[in-house]
Amino acid sequence: MAAIHAEAMTVPPPWGAPTFRGFLSAPGVVVAFEPEGFALGRVIADEAELLTLAILPPARRKGLASACLAGFEDKASAKGARRVFLEVAITNTAAKGLYEKSGYSEAGRRPEYYRIKGQAPISAILMTKTL
């Protein structure tokens, strides 16, 4: 997962293997995994949070992100989630379009949410979907 994340992510910066080990060992974790991408999140009570969705660049625009997102939602629902939320960088128009197409709507903004060394802060859009 760390290798895929390293190739796929720019904002936020990629997470390393220790970060993934921490998430995967936590209660309520939900993963929808494919060889070229994955969706990772967690369920707490009746809410799910999508922490990251990463697809290798050569595999993009082939429906894999939609499949991983749908798999994540199905697994989260099976664990009792009735609503999903996520943050997406305001600059990531492709991801925002994917989420909107999948039924997510903007619920707010987080100013200067992503802070990357040497770059101006990037705001996030908070999106939500009822399952």
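Helix 2 (residues 17–25) lies across strand 1, strand 2 (37–44) and strand 3 and runs at about 45° to strand 2. Helix 3 lies across strand 1, strand 2, strand 3, strand 4 and strand 6, at about 155° to strand 3. Some terms: contact means heavy atoms within 4.5 Å; helices (H or I, at least four residues) and strands (E, at least two) are DSSP runs numbered from the N terminus. Axes are lines fitted to C-alpha atoms, for helices over the stretch in contact, and angles run from 0 to 180 degrees between N-to-C directions.

All of this comes from a predicted model, where local features need pLDDT of at least 70 and side-chain atom pairs count only at pLDDT 80 or more, while totals for chains, interfaces and linings use all residues. Residues are numbered from 1 along each chain as its sequence is written, and side-chain values use heavy atoms, leaving out hydrogens and water.

Six strands make an open sheet with mixed pairing, in the order 1-2-3-4-6-5; two strands pair if DSSP finds at least two bridges between them. Strand 1 (29–34) and strand 5 are at the edges with a single partner strand each, so one side of each has no neighbour in the sheet. On average, neighbouring strands here are turned by 25° against each other, direction ignored. Strand 5 runs antiparallel to strand 6 (residues 122–130), and six bridges join them. R110 stands opposite A124 in strand 6.

Points are joined across faces, edges and corners, and a volume is the space filled by probe spheres set on them.

| Space | Volume | Lining by class |
|---|---|---|
| Largest pocket | About 960 Å³ | 22 nonpolar, seven polar, six charged residues |
| Largest cavity | About 40 Å³ | five nonpolar, two polar, one charged residues |

Here Ala, Val, Leu, Ile, Met, Phe, Trp, Tyr, Cys and Pro count as nonpolar, Asp, Glu, Lys and Arg as charged, and the others, Gly among them, as polar.

The largest pocket has 35 lining residues, with L53, N92, A94, A95 and Y99 nearest its centre. Strand 3 gives the largest share of that lining, seven residues. The largest cavity is lined by F23, A26, P27, G28, V29, G41, R42 and L51.

Key
On a 1 Å grid over the protein atoms alone, a cavity is a set of points where a 1.4 Å probe fits but cannot get out, and a pocket is an open set with protein on both sides within 12 Å along at least five of seven lines; lining residues have an atom within 4 Å of a point.
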